[in-house]
Amino acid sequence: MGDSQGRDEVGQGVELLVRQVAHWQQPRWSATASRGNVSRADLVHRLVQEIANLAADAEGQPRRTVPRLGNDLVLPDQLRVVAADLLAVAPTGGALARAATEVAATRTAL
């Protein structure tokens, strides 16, 4: 995957996921995801953390825990922020491919 194609794939995947979940209210976030034994909110937060880790690795910075905020309704915004951070740091094609795969897998599991 070329860097430009990878950037587009990550950006489009994140935007599709955000559109899928942005209107959800708390009960829908609390429901169990279709895959795994975790809530949909936990699944999206795991994705946010994974993308933040990829961004930190691309920058050569230490990984940091992304806080789990008290309101799950902010998860789409957190996802947008960490994805923008990743795309801003000139990640490798491998990091972009991994991010795109993680986003697609999360969308499917929701």
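Biologist: On what definition of a helix does the pattern of this protein rest?

Modeller: In this predicted model, helices are DSSP runs of H or I with at least four residues, numbered from the N terminus. Read along the sequence on that basis, the protein follows the pattern α-α-α-α-α.

Biologist: What makes the protein as compact as a globular protein of its length?

Modeller: The globule rule is 2.2 Å times the number of residues to the power 0.38. For 110 residues the rule gives 13 Å, and the radius of gyration of the protein is 13 Å, close to that value, so the protein is as compact as a globular protein of that length. Along its principal axes, the C-alpha trace spans about 40 × 25 × 20 Å.

Biologist: How many helices and strands does the protein have, and what share of its residues is buried?

Modeller: There are five helices and zero strands. Buried residues make up 42% of the 110 residues. The protein exposes about 5800 Å², of which carbon and sulfur atoms supply 51%.

Biologist: Why is the pair of tryptophan 24 and tryptophan 29 called edge-to-face?

Modeller: The count comes to one aromatic pair. Rings pair if their centres lie within 6.5 Å, and planes over 60 degrees apart count as edge-to-face. The rings of tryptophan 24 and tryptophan 29 have centres 5.0 Å apart and planes at 65 degrees, so the pair is edge-to-face. Tryptophan 24 and tryptophan 29 are both buried.

Biologist: What makes proline 76 count as buried or exposed, and which residues does it contact beyond its neighbours in sequence?

Modeller: Buried means under 20% relative accessible area. Proline 76 has 6% relative accessibility and therefore counts as buried. Proline 76 belongs to helix α4. Leaving aside neighbours within four places in sequence, proline 76 is in contact with Val18, Val21, Ala22 and Trp29. By contrast, the C-alpha atoms of proline 76 and glutamine 61, which are 15 residues apart along the chain, are separated by 24 Å.

Biologist: How do you know whether glutamate 102 is buried or exposed?

Modeller: The cut-off for a buried residue is again under 20%. Glutamate 102 has a relative accessible area of 18%, so it is buried. Glutamate 102 is placed in helix α5, residues 93-109. Not counting residues up to four places away in sequence, glutamate 102 touches Arg46, Leu47 and Glu50.

Biologist: What can be said of the backbone at alanine 90, and how do you know whether alanine 90 is buried or exposed?

Modeller: Alanine 90 has a positive phi of about 55 degrees, although it is not a glycine. Alanine 90 sits in the loop between α4 (75-88) and α5. The cut-off for an exposed residue is over 50%. With a relative accessible area of 56%, alanine 90 is therefore exposed.

Biologist: What share of the contacts with a separation of 6 or more joins residues 24 or more positions apart, and how many charged side chains are there?

Modeller: Residues 24 or more positions apart account for 73% of those contacts. The protein has 12 positive and 12 negative side chains, and the centres of the two sets lie 6 Å apart.

Technical notes
Residues are numbered from 1 along each chain as its sequence is written. This is a predicted model: local features need pLDDT of at least 70, side-chain atom pairs count only at pLDDT 80 or more; totals for chains, interfaces and linings use all residues. Side-chain values use heavy atoms; hydrogens and water are left out. Helices (H or I, at least four residues) and strands (E, at least two) are DSSP runs, numbered from the N terminus. Buried means under 20% relative accessible area, exposed over 50%, partly exposed in between (1.4 Å probe, protein chains only). Contact means heavy atoms within 4.5 Å. Accessible areas come from the Shrake-Rupley method with a 1.4 Å probe; for residues, only the protein chains shown count as cover. Lys and Arg count as positive and Asp and Glu as negative; His and the chain ends are not counted. The place of a charge is taken as NZ of Lys, CZ of Arg, CG of Asp or CD of Glu. Rings of Phe, Tyr and Trp (its six-membered ring) pair if their centres lie within 6.5 Å; planes under 30 degrees apart count as stacked, over 60 as edge-to-face and the rest as tilted.
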